Amino acid sequence: MRFLARLDLHRAATELAERFGPLVRIRVMCFHCVIITDPVLATEVLRSRAADKMRLIYSFLDPFLGGKSLLTGHTDEHWKTVRKAVSPAFSQGNMRDAFGHVLDCTMALVEFLKEGGPERVHNIDNLLLRESMDVIGRFGLGKDMNALASLKTGNAEETRAVDALLGSTKEVSKRVQQYGRWWGLWSANVRGGWEDLGRFRAIIQGLLDHIKAGQPRPGSFGQLLLAARDPATGRALSDAQLFPEIAALFFAGIDTTGHTGTFILYLISQHPEVEAKILEELDSMELSITSERPRPRPLTYPDLPKLTYLQAVIKEVLRMYPPVGGGQMTMSQSHDITLANRLVIPAGTAIWVPHHAIQNVSFNWDQPNAFMPERWLVPGTEYAVTEKLPLPRGWYTEPDADVAAGTDGVPSHGAAGGTDVDESGNSKRPKRYFPFAEGPRNCVGQSLAKVSLLVTTATLLQHFSFRLADEMGGPEGVRASERYPLVIGLANGMSMHAIPRPGVT
Ligand code: HEM
């Protein structure tokens, strides 16, 4: 119980796995839960449809998002309709558009940081959340949220939008962890949480009114949601159905990308050798700003796949700080589930696949606590390594099944006809890296997240070197302030200096 009440909940399962191994059974009051950090079993759970989202847990988000949504509902016909409707918004074709929005928003952040000068301490986390909010507003809903601009204009409503989002996620996680919090309305802290939820809902209502009144950008998820048809009635989605979908996309897109950007800048600030290699890569593409080249050529969309080292850095940060670190909680109410042909999980037992744990336990990774972007320069790093699979070998063979050996010798569970890919061409090999989840409920917005993180990091590092402010108390202070209000973040943000590079004017 004490484990589940931890403020850094994402690390609780990691410590349990390190102590008790890749399969742990816990009981919380009358609930039974199996925690799986073995790559083969975790991959099997996430890819199969035998278990579905555990609504008991995800329903805590209903008062925040205004009801069941793409993110929190069961894998049913309604989910299928919404998922199919919004997916084209994140197609590769649309990412060129996204690139332009992210670059504009990052340049607004660059100008803000330049004005502050090297001495000023910025809450980088808050600024990156503002940037993400501006990107999602423009790209997804055709609305300028002015989250960054409001720092200058002082528009109170726009300035407080990020605080309302952060306050709401904090309130939801407290409701999960603090039994009886719902009834504590006499406490100012609880009332503050309700107020944040109210303010967040007012923002979403404003966005819904905006897309209904105007013409949202063609191909944006706002426009695609308006065009979707309810499978039950054949009619357009009602306001009550649209509201939670907009809220879910808004929240899921901003919190994850914003906090990840923060951890990227933090880890780079602690590793000058990594920063030097990123600069070398930018320089080799004539993108770095120097005294001799104060105005390099602009970053372009075709540059993104060529930033291979920076991509490795981002992957490594997503390994160490996967925003949805708690991972996925699934369950079957109606039938037992059998994994690897031998582990029977009774109906009604929660199956917890914690992403932070899988990506950071020592039985899945060499030197899991070391920040080593280089490991991602080796192809296939996201897949489990045969010799390191944590359960006894007998677990990984399926005597009756048609099992093919993967290229590294890992059995591909259920691979038919000796192939190692499924009918969509995706590898069937077990994974040990799930920052964007896996299987049918994986992240629908991951293409946007990847473009956002690459463009934001490349552009910020072109202009600045980031240094941790003294008030953070060094890496120990940062570690102590890790929090998990639905997404891995920090108690009071991340205070940093942005030091302009020579040549930046
Ligand atoms: C670094 C950035 C991101 C990470 C690491 C991330 C990760 C994830 C993960 C792990 C899930 C599964 C959650 C669960 O089952 O509990 C998820 C689902 C989802 N994400 Fe993301 N995400 C990111 C950015 C985005 C963006 C930019 C958007 C859209 C604007 C988005 C929209 C969604 C939605 C709607 C779902 C639910 C999908 C479904 O169940 O069908 N995410 N994401």
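Predicted model: local features only at pLDDT ≥ 70, side-chain atom pairs only at ≥ 80, totals over all residues.
Me: How do you know that the span of helix H10 agrees with its number of residues?

Reply: The 17 residues of H10 (residues 161–177) should span 24 Å at 1.5 Å a residue; the end C-alpha atoms are 25 Å apart, and therefore the two values agree.

Me: What makes Leu165 of H10 a buried residue, and which helices do the buried residues of H10 pack against?

Reply: A residue is called buried if 20 or more other C-beta atoms lie within 10 Å of its own. Leu165 is among the residues of H10 that are buried, as are Ala161, Val162 and Leu166. The buried residues of H10 pack against helices including H4 (62–65), H7 (124–141) and H13 (239–269).

Me: What is expected of the span of helix H6, and what does the model give?

Reply: Helix H6 (residues 92–116) has 25 residues, for which 36 Å is expected at 1.5 Å a residue; the helix reaches 36 Å from its first C-alpha to its last. The buried residues of H6 include Phe99, His101 and Leu109. Among the elements that the buried residues of H6 pack against are H7 and helix H17 (446–463). Glycine 117, with a positive phi near 75 degrees, follows H6.

Me: Which residues have the most contacts inside the largest nonpolar core?

Reply: The core has 127 residues, and those with the most contacts inside it are Val45, Ile204, Ile246, Phe250, Ile264, Val313 and Ile351. H13 gives the largest share of this core, 16 residues. Not counting residues up to four places away in sequence, valine 313 touches Ile264, Ile268, Val274, Ile278 and Pro373.

Me: How many residues of domain 1 are in contact with domain 2?

Reply: Nine residues of domain 1 are in contact with nine residues of domain 2. The domain assignment gives domain 1 (3–363 + 435–500) and domain 2 (388–429), and 31 Å separate their centres, taken over C-alpha atoms.

Definitions and conventions. Residues numbered from 1 in each chain as written. Helix = DSSP H or I, 4+ residues; strand = E, 2+ residues; numbered from the N terminus. Expected span 1.5 Å × (residues − 1). Buried ≥ 20, exposed ≤ 12 C-beta atoms within 10 Å, placed from the backbone. Contact = placed C-beta atoms within 7 Å. Core = buried A, V, L, I, M, F, W, Y, C linked by C-beta atoms within 7 Å. Domains from an automatic or database assignment.
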